[in-house]
Amino acid sequence: MGMLPDRTGCNPYVIVVVGRTGVGVSSLVNLIAGRTVAPHFPDASQCTRRIRAYPAEIKGTSYLLYDIPGFDGKVSTERLVNAIRTVERRRGVDLLLYCVRGKRNTFMPKTYRELRQTIPRVVPSVVVVTGLERYGGSEMVEWWSAIPREGATTTQSNGSHLEELLFEDHVCVTTLPELDAVADGALRERRDLSAVEVKRIISHHCEGLKRPGSGRPTAWDFLEVLAEWFKWH
């Protein structure tokens, strides 16, 4: 049976953040956390190689953000999907955030379908379009409904091919590190707006009881919860 998360961090909503190598998964985790908790690298070859979990709080509600190494990178997709399956079994996943870049096709339909077979259909999934700090529209959200310009042979919007995969929601953002945006007012404004929008989406989809894990709890699960409690105290 589920429970309501609170400020103690003992029973946080679990959010799994995934995407292809180099799309900014760790940077999105930092944006949500409101500080640099996950290492991030400009060079995609040096990106996250281990699954890590970071506590975060939004409006008094606790969350646990799972930073998953990028697909199509150093760690095999099979290992990553199996690891996510373990998270679901032990903790229960409450929200899936799937990152793609706005300027190039980084979506992996086959991998996404594997994830949806691993994570129960009842768990909402949100596509997060990153890399829009210099998008030419007046607002980043316009990217979703805009028609591609360069080299495009279709009249379909940017977001149309993603809508076919039945995401429950989408959000268009920049995950630019704070230090890279601090000297530019426009970039800083877009980064601040991105944090607000992502947190709004999370709060909207993480309501009510926290989902329990699909497997039987073990002693290791208890130790993990205890370790997270100490992180918050």
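Let's start at Asp72, which sits in the loop between strand S3 and helix H2 (77-90). Helices and strands here are DSSP runs, numbered from the N terminus, with at least four residues (H or I) for a helix and at least two (E) for a strand. Asp72 isn't a glycine, yet its phi is positive, at about 70 degrees.

A quick word on what you're looking at: this is a predicted model, where local features need pLDDT of at least 70, side-chain atom pairs count only at pLDDT 80 or more, and totals for chains, interfaces and linings use all residues. Residues are numbered from 1 along each chain as its sequence is written, and side-chain values use heavy atoms, with hydrogens and water left out.

Now step back into S3 itself. Of its 7 residues, 6 are buried, so the strand is largely enclosed by the rest of the structure. Buried means under 20% relative accessible area, exposed means over 50%, and partly exposed lies in between (1.4 Å probe, protein chains only).

What does S3 pair with? Strand S1 (residues 13-19) runs parallel to S3, joined by 5 bridges, while S2 and S3 pair in the antiparallel sense over 7 bridges. Pairing requires that DSSP finds at least two bridges between the two strands. Tyr66 in S3 is a handy landmark here: Val16 stands opposite Tyr66, and Ala53 stands opposite Tyr66 too.

Finally, follow S2 into S3. The two form a hairpin with 2 residues between them. Lys59 lies in that loop, between S2 (52-58) and S3 (61-67). Lys59 has a positive phi near 50 degrees, in a residue other than glycine. Because its relative accessibility is 81%, Lys59 counts as exposed.
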